[in-house]
Amino acid sequence: MRTKRVKLLILAGVLLAGMVQAQDAMVILEKVDRNMSSDNRVMESSMTVHGKRSSRTITSRSWGEGTKKAFTEYLSPASEKGTKMLKLEGQLWIYSPSTDRVIQISGHMLRQPVMGSDLSYEDMMDDRKLSDVYTAKVSGEENVGDRRAWVMELTAKVTDIAYYRQKLWVDQERFIPLKQDLYARGGQLLKRTEMGDVRQVQGRWFPFTVLYKDMLKQGGGTEFKVTTIRFNDKIPDYIFTKAALKQ
Amino acid sequence: MRLAIKLAWRNLIGAGLRTWLNVIVLSFSFVIIIWMKGIMTGWDHQAKTDMTNWEIGGGQIWHAEYDPYDPMTLNDAHGPVPEALAQGVESGALMPVLIVQGTIYPEGRMVPVAVRGVDPGQTILQLPAHRLDTVTDAIPALIGTQMAHTTRLKAGDRMILRWRDIHGTFDAREMEIVEIFSCTVPTADAGQIYIPLETLREMTLLNGETTLFTFRNEDTAVTVPEGWTLKTKKELTRQVDELIQTKSAGQSVLFGVLLLLAMLAIFDTQVLSIFRRQKEIGTYIALGYTRGEVVGLFTVEGSMHAVMAAMLATAYGLPFLLWQAKEGWTMPLDTSQFGMAIAQTLYPVYTVGLVISTILIVLMTTAIVSYWPSRRIARMNPTEALRGRLQ
Amino acid sequence: MPILVVTLGVMLTVFLHAYVVGFMGDTIEMNARFNNGHVKLMTRAYAANMDQSPNDLALLGVDSLMAHLNREYPGIAWSPRIRFGGLVDAPDENGETKAQGTALGMGIDLLTPGTPEPLRLNLEKSLVRGHMPQQNGEVLLSETFSQKLKVSPGDQVTLIGSTMEGGMAMVNFIVAGTLSFGVEIMDRGTILADLTDVQSALQMPDGASEINGYFHSGFYDDEQATSLAATFNDALKENPDEFAPLLMPLRQQGGMGTYVTMIDTWSGYISLVFILAMSLVLWNAGLLGGLRRYGEVGVRLAMGEEKTHVYGTMIVESVFIGLVGSVIGTALGLAFSWILQEYGINISGMMKGASVMFPDKIRARITPQDFYLGFIPGLFSTVLGTLLSGVGIFKRQTARLFKELEA
């Protein structure tokens with residue numbers, strides 16, 4: 001009798017979960033997208049790469065508008081200072097002050113890591129909204145640290161995407177990702193991202209630290225820290241031009 | 001002439017040990033020249049045969065974008081089997097190979113590799129592709145000994161292979177090394193991993209696509225479709241030719257010195273016989289021989305060394321050379337890590353031309369060296385010679 | 001005459017041995033120059049993955065290392081090098097990309113006055129267009145690569161690579177000249193720059209991928225290299241640092257070990273056969289020499305000399321002939337070998353498509369063995385020949401020997 005009740009309970013739970021999935025998974029993902037991307041933002045950040053021999057930190061200031069336009073200027077260390085990157089509609093240009101040249105990064109170069117990190121240019125380039133490229137379902141609930149999170153299974157609905165499947169832990173209250181596992185089509189875990197230091201900025205929640213790790217390779221991973229971020233600032237149009245790279 | 005030969009024979013046999021020393025040294029020249037040239041020909045032959053057997057078959061047709069020296073080209077270097085070649089693939093005259101870039105992670109180390117998709121039922125190459133039919137839950141893979149050495153992998157080892165499909169989507173799966181093959185062709189081994197063709201096509205969503213075709217026979221007549229390039233066997237083995245050329249050039253000096261050595265002995269012998277047999281020379285002339293005939297007599301006698309050497313060389317050299325051709329010459333070391341295709345055991349190959357030319361060269365040189373000191377006879381005063389006076 | 005024959009024979013033996021060793025060793029030297037060095041210093045971590053040239057694991061503190069090496073090992077020329085990969089981009093007149101290609105590069109000492117590297121890599125002779133770099137910021141490209149990029153000497157190119165720490169490196173260079181290597185993989189995309197330029201481009205101050213050591217003799221000496229490396233590494237055995245330096249002899253790099261052994265074996269075989277043949281020839285010469293003097297021997301016996309005494313003096317003389325012949329022969333053989341070692345035989349005419357990796361010249365190489373090797377046939381065989389021919393003195397009648405004088 002007792003076991004039967006347990007079974008019923010489980011059944012109810014499964015059904016409930018199914019309903020949550022059907023109704024809410026995409027809604028959750030859209031809420032996440034709304035938090036993570038914005039019409040425009042200006043951000044200062046630092047990236048720490050843990051190498052085999054030493055760690056180094058690169059700071060930069062970046063401007064972004066929608067998902068198609070981004071401009072980054074590196075501030076430190078001295079060797080990277082003045083290097084600028086412009087992304088427009090899937091194209092990427094890099095300017096280095098020492099050579100005074102603008103070079104388009106294309107083809108296989110896009111698959112190279114950025115500044116020695118665990119991120120490739122391509123990873124950086126692809127910031128289409130999650131809800132645009134993945135279908136989602138909620139597969140459960142878990143705690144990430146002390147935060148309660150939905151565990152979501154994302155499967156690609158477009159073909160031109162680096163990671164076919166993702167597992168996303170979304171804060172149930174703030175709707176920001178806390179942890180992200182990136183999988184190969186065959187199910188192999190490739191990369192893991194962990195978000196932390198979630199703060200509220202201009203009414204929206206945003207993770208101020210992100211840790212990237214290539215799960216196949218030995219190494220300490222890459223740490224990304226936001227120093228300041230402002231949303232919905234007025235960004236002059238000339239920022240997103242090749243001319244701005246040389247200034 | 002018959003008399004000359006008879007006389008020469010008697011004189012040589014009479015000289016005993018001295019003659020035999022000369023003959024032995026000369027016979028060395030025969031055997032060593034033939035053997036070393038044979039090794040070179042054998043090497044050339046073996047290197048090309050191995051390349052044929054392990055990589056290039058009877059030549060290849062490459063996708064126009066394919067460049068073996070630039071792995072980046074592999075992203076685009078593939079296309080559907082062209083209609084003109086479909087028949088050949090069907091009949092087994094052509095073997096399609098798809099090559100894709102990948103990364104393996106043995107124990108967390110990142111090693112870029114070229115993943116080659118081959119038909120497990122292929123019979124053109126000696127590659128033990130049938131082993132790719134091994135039932136395993138991972139991707140079955142073959143690697144060569146050199147690759148195994150640099151990646152520190154063993155048969156039965158498993159590791160992750162990561163690749164991208166046609167859309168650039170990452171995929172990764174476990175791979176199992178089902179066998180490590182040993183071949184002498186470095187380009188078929190270093191940095192290469194072989195997996196079943198259809199598996200690779202599925203993995204990369206490149207159904208029916210190919211990077212290159214390998215011919216079964218050199219004389220297969222095909223029209224090369226647009227977007228593909230023909231690479232004949234000759235082009236693909238050019239490096240072997242260059243290497244053999246260098247080595248042969250270096251060898252010829254060796255042969256030269258060896259011959260020079262033998263000639264030194266003949267020359268010395270000739271000078272002494274003429275010096276000691278002036279009375280005999282005088283007698284010949286008194287008997288009515290012309291000087292030219294006497295010079296001829298001595299030249300024949302000297303050249304006879306070469307003929308005897310040839311016989312001696314046949315006596316001990318032939319069994320040796322035949323035994324070598326059968327058993328091969330095994331280098332007392334492990335050659336698996338060479339940069340060039342070279343086998344542990346080289347089988348010398350002797351051509352008729354090689355044997356005949358060697359004999360002719362030795363014979364002619366000996367004749368010249370025998371003739372040279374004999375010219376003195378022509379300048380001799382016969383009466384003085386007859387009296388045995390030193391001149 | 002007998003001395004002449006011995007001299008010639010010994011000369012040939014010595015020359016031949018030097019030639020075989022040099023000819024067989026050529027491939028080793030080519031590899032040593034371009035890749036392996038006679039010995040190579042790297043960090044332990046770099047050595048473990050040396051086929052990938054991982055510059056993040058490169059040597060640092062090269063100046064002090066060099067000072068140490070030069071002090072401790074004065075018999076070796078040390079040359080730091082950086083190997084790197086990257087992209088070379090050629091701009092059009094507006095500074096936009098005109099052409100781009102992947103490159104394999106090497107940073108070597110091109111500018112220090114008297115640097116041995118350009119000669120070692122035969123760069124000046126391989127120059128197709130332009131000139132050697134004369135100042136910082138000048139580079140050499142392979143000719144095929146320069147055509148692909150559509151650049152000529154004097155043009156600017158940008159190297160995009162990654163710094164030692166993984167950052168992005170972008171540097172402009174002026175193409176000074178172009179080179180032909182004759183090896184496809186190198187002709188496709190090679191860039192050679194001065195070490196200091198590469199150090200600053202890849203942010204490897206005082207760093208190098210490797211420091212190659214070359215024996216001053218110019219030839220690989222396996223025994224010396226192996227023991228040198230063993231001593232060096234032994235001294236650092238207790239150091240747990242994976243970036244501690246490691247000295248590796250050529251033998252232990254890649255497939256070179258088997259090659260070294262093969263060459264030793266081959267040269268051994270060939271030399272053995274030749275010494276044997278030479279011994280037979282000189283033995284014969286000794287016999288002939290003895291025969292020549294039967295007449296003289298007859299006279300001496302007739303004058304009342306003891307047979308043993310005659311025999312004795314003949315042997316003493318043959319020892320003398322052998323010795324003198326061997327000394328002169330060895331000297332001449334060494335002289336010829338030396339000429340061939342310095343100048344080489346040009347075989348490029350015999351070859352189509354000659355290339356750097358297949359040397360266009362065959363050179364001899366003088367080794368210590370050459371100083372005594374010639375004495376085996378020169379002295380022993382000559383004396384042996386005389387010993388045997390002298391036996392005739394005892395066998396024959398004095399009268400007959402005397403008659404030989406007349407004959």
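Predicted model: local features only at pLDDT ≥ 70, side-chain atom pairs only at ≥ 80, totals over all residues.
Which residues are linked with D137(B) in a network of salt bridges?

1. **The network in chain B.** The residues joined to D137(B) in this network of salt bridges are R158(B), E174(B) and E176(B). Over all chains, the count of salt bridges comes to 32.

2. **A salt bridge between chain B and chain C.** D67(B) and R188(C) form a salt bridge in which the closest N and O atoms are 2.1 Å apart. The pair joins two chains, because D67(B) lies in the loop between β1 (60-63) and β2 (79-80) of chain B, while R188(C) belongs to helix α7 (residues 184-188) of chain C. D67(B) has a relative accessibility of 12% and therefore counts as buried, the cut-off for that class being under 20%. R188(C), at 29%, counts as partly exposed.

3. **A salt bridge within chain B.** The side chains of E218(B) and K233(B) meet in a salt bridge, at 3.6 Å from N to O. This pair links distant parts of the chain: E218(B) sits in the loop between β10 (212-215) and β11 (228-231), K233(B) is in helix α6 (residues 233-236), and the two are 15 residues apart. Are E218(B) and K233(B) buried or exposed? E218(B) has a relative accessible area of 54%, so this residue is exposed. K233(B) has a relative accessible area of 18%, so this residue is buried.

4. **A salt bridge within chain C.** D234(C) and K237(C) also meet through their side chains in a salt bridge, with an N to O distance of 3.7 Å. D234(C) counts as partly exposed because its relative accessibility is 46%. K237(C), at 53%, counts as exposed; the cut-off for exposed is over 50%.

5. **The interface of chain A and chain B.** Between them, chain A and chain B bury about 1600 Å², and 56% of this area is on carbon and sulfur atoms. Chain A contributes 19 residues to the contact and chain B contributes 17 residues. Seven residue pairs are in polar contact between these chains, counting pairs in which both residues are at pLDDT 80 or more. How many salt bridges does the rule find across this interface? The rule finds one. R185(A) forms a salt bridge with D165(B), and their closest N and O atoms are 2.7 Å apart.

6. **Helix α9 of chain C.** This helix comprises 14 residues (222-235); at 1.5 Å a residue it should span 20 Å, and its end C-alpha atoms are 20 Å apart, so the two values agree. Its buried residues are D222(C), A225(C), L228(C), A229(C) and F232(C). They lie on the same side of α9(C), because the arc they cover around the axis is only 135°. Exposed residues on the other side of α9(C) are E223(C), T231(C) and A235(C). The partners against which the buried residues pack, within chain C, are β1 (39-43), α3 (62-72), β3 (76-91), β11 (210-215), β12 (245-249) and α10 (256-292).

7. **Backbone geometry to inspect.** Most residues other than glycine have a negative phi, and most peptide bonds are trans.
   - S76(A) and P77(A) are joined by a cis peptide bond, with omega about 0°. P77(A) is found in the loop between β3 (69-76) and β4 (84-88) of chain A.
   - L205(B) has a positive phi, near 60°. This residue is in the loop between α5 (197-204) and β9 (209-210) of chain B, and L205(B) counts as partly exposed because its relative accessibility is 36%.
   - N122(C) has a positive phi, near 55°. N122(C) lies in the loop between α4 (117-120) and α5 (123-126) of chain C, and its relative accessibility of 32% means that it counts as partly exposed.

8. **Chain A as a whole.** Chain A contains four helices and 13 strands. Of its 247 residues, 46% count as buried. Among contacts between residues at least 6 apart in the sequence of chain A, 43% join residues at least 24 apart.

Technical notes: Residues numbered from 1 in each chain as written. Chains lettered and ligands numbered in written order. Heavy atoms only, no water. Expected span 1.5 Å × (residues − 1). Buried < 20%, exposed > 50% of the residue type's maximum accessible area, 1.4 Å probe, protein only. Arc of directions from axis to C-beta. Contact = heavy atoms within 4.5 Å. Buried area = accessible area lost by both parts, 1.4 Å probe. Salt bridge = Lys/Arg side-chain N within 4 Å of Asp/Glu carboxyl O. Polar contact = N/O pair within 3.5 Å; in protein donor to acceptor, adjacent residues only side chain to side chain.
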